[in-house]
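Dear colleague,

I am handing over the structure that we talked about, and I would be grateful if you read the notes below with it open beside you.

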There are 2 protein chains.
Amino acid sequence: MPPTPSSELTARQREVLGFVRDHQRRHGHPPTTREIQAHFGFASQTAAVDHLRALARKGALQHHAGKARGHLPALAAALRTSLLEIPLYGTIPAGLPTAAEQEPDRYISVDAASLGVSARARLFALRVRGDSMTGANILDGDTVFLTPRDPRPGAIVAALIDGESTLKRFLVQRGRPFLRAENPRYPDLLPATELIIQGVMVGLLRQQPAA
Amino acid sequence: MPPTPSSELTARQREVLGFVRDHQRRHGHPPTTREIQAHFGFASQTAAVDHLRALARKGALQHHAGKARGHLPALAAALRTSLLEIPLYGTIPAGLPTAAEQEPDRYISVDAASLGVSARARLFALRVRGDSMTGANILDGDTVFLTPRDPRPGAIVAALIDGESTLKRFLVQRGRPFLRAENPRYPDLLPATELIIQGVMVGLLRQQPAA
DNA sequence: TGGCATACTGTTCAATTGAACAGTGATTGG
DNA sequence: CCAATCACTGTTCAATTGAACAGTATGCCA
């Protein structure tokens, strides 16, 4: 994998790459060679083709040969493949969001690299309600990202405990798992009947309220 | 604008829409009618065309007629247009990230709606270093999103004060602006020579460290 | 019972678009 | 000074792909 392909690119090639990225972002699909030609005012289509070839050779673009439409550019691979669309299941998930066909409120788009997760990670999001996790610097209104997997002690989890869903720190003492709010005003939760871990927290997104 | 177009869609139409979205996300460009045909095993290309027409009519897709390649689908408009690519300028920005042609470390992709900002917002990101803002629940390692604009008193800002860049709360007392760390161990900062506000914090992204 | 939308089959045509070929001139590194 | 890369012009061809036309069968609504 090239470390920073753009460093080897010429100024003109960066311009073309910029146009391709921009077009992709704004239109949802890469430009055609003729659109590139028109944008830069080339008299020949080949000028665009040459640039694309150079960009593909240097790893800045990946070229799906022949395949017409998306034919040439496609975004820098990393950028594309790593974009996650994370379903937001509301404040208090009624069921297991991973299992049921439950409709998410909406989707949150974040790239995997920025969250430090794999591009294939299956994440879901929940809106935090209440102040029980302020000790872990998680505030009311924050959106937390979770992945369904078994938690290690100390992890922050969304759990279904005795039918109610909450965000808490998962701890184990003498082989017995329990949940602890990161706020001294809340007591530890010992599961009476069952403790179902819906997901382990991997990240957080906050909207800073306007001052 | 249709409120929730998917509600009026038939099961089959939702399937096709799902395939189009998925293809878009994974390949960076929409599928062709023939790719849809192949995926669902239609004997006729027209079956795919019919579905796309229905989806466009119901507002679930937007159809760029004739224009071959990205020709038909394109994502649901809102989803596409609102994706921000936010440049990350490192831990301590040396200059004004908005002014200079300074190369960002990398880009963070987040959709505008999830950050509560306009799709046209110009944001940049900084990595937080140190514990001077723990009182505002901003931790070492967090990534903060900022927009260049004049701060209101109480806002959290990235500021260039006497040549050094820091994240602090912006306050005004008796007409005099100053910066306050949200950590009692740090003193207030009164600008000796100049106070340049680089940006106002609008959001935050955190990678939860594995427990 | 007729009309309309859905969900397809099967075929043909034209437009969009990628790709190749044959050049020119400037620059740069060995 | 030669080779390679860059940055183009100008033309032609073939593949991909969208679009249209003509049907069939089903279910639903009124």
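How much space lies in the largest cavity? About 50 Å³ of space lies there, where a cavity is a set of points on a 1 Å grid over the protein atoms alone at which a 1.4 Å probe fits but cannot get out, and the volume is the space filled by probe spheres set on the points, which are joined across faces, edges and corners.

Please keep in mind that this is a predicted model, in which local features need pLDDT of at least 70 and side-chain atom pairs count only at pLDDT 80 or more, while totals for chains, interfaces and linings use all residues. Residues are numbered from 1 along each chain as its sequence is written, chains are lettered from A and ligands numbered from 1 in the order in which they are written, and side-chain values use heavy atoms, with hydrogens and water left out.

The structure holds 2 cavities of 30 Å³ or more. The lining of the largest one (residues with an atom within 4 Å of a point) includes Ala210(A) and Ala211(A) from one chain, and Arg149(B), Asp150(B) and Val200(B) from the other. This lining divides into 5 nonpolar, no polar and 3 charged residues, with Ala, Val, Leu, Ile, Met, Phe, Trp, Tyr, Cys and Pro counted as nonpolar, Asp, Glu, Lys and Arg as charged, and the others, Gly among them, as polar.

Chain A is superposed on chain B by a rotation of 180 degrees with 0.0 Å of shift along its axis, at an RMSD of 0.5 Å, using least squares on the C-alpha atoms of residues with pLDDT of at least 70 in both. The two copies are thus related as by a two-fold rotation axis.

Within chain A, helix α2 (residues 33-40) and helix α3 (residues 45-57) pack at about 110 degrees, with their axes 8 Å apart; helices here are DSSP runs of H or I with at least four residues, numbered from the N terminus, and axes are lines fitted to C-alpha atoms over the stretch in contact, with angles from 0 to 180 degrees between N-to-C directions. That makes α2(A) roughly perpendicular to α3(A), a term that covers 65 to 115 degrees. In their contact (heavy atoms within 4.5 Å), Thr33(A), Arg34(A), Ile36(A) and Gln37(A) of α2(A) meet Gln45(A), Ala48(A), Val49(A) and Leu52(A) of α3(A), and these residues divide into 4 nonpolar, 3 polar and 1 charged.

With best wishes

Methods. On a 1 Å grid over the protein atoms alone, a cavity is a set of points where a 1.4 Å probe fits but cannot get out, and a pocket is an open set with protein on both sides within 12 Å along at least five of seven lines; lining residues have an atom within 4 Å of a point. Helices (H or I, at least four residues) and strands (E, at least two) are DSSP runs, numbered from the N terminus. Angles under 35 degrees count as roughly parallel, over 145 as roughly antiparallel, 65 to 115 as roughly perpendicular and the rest as oblique.
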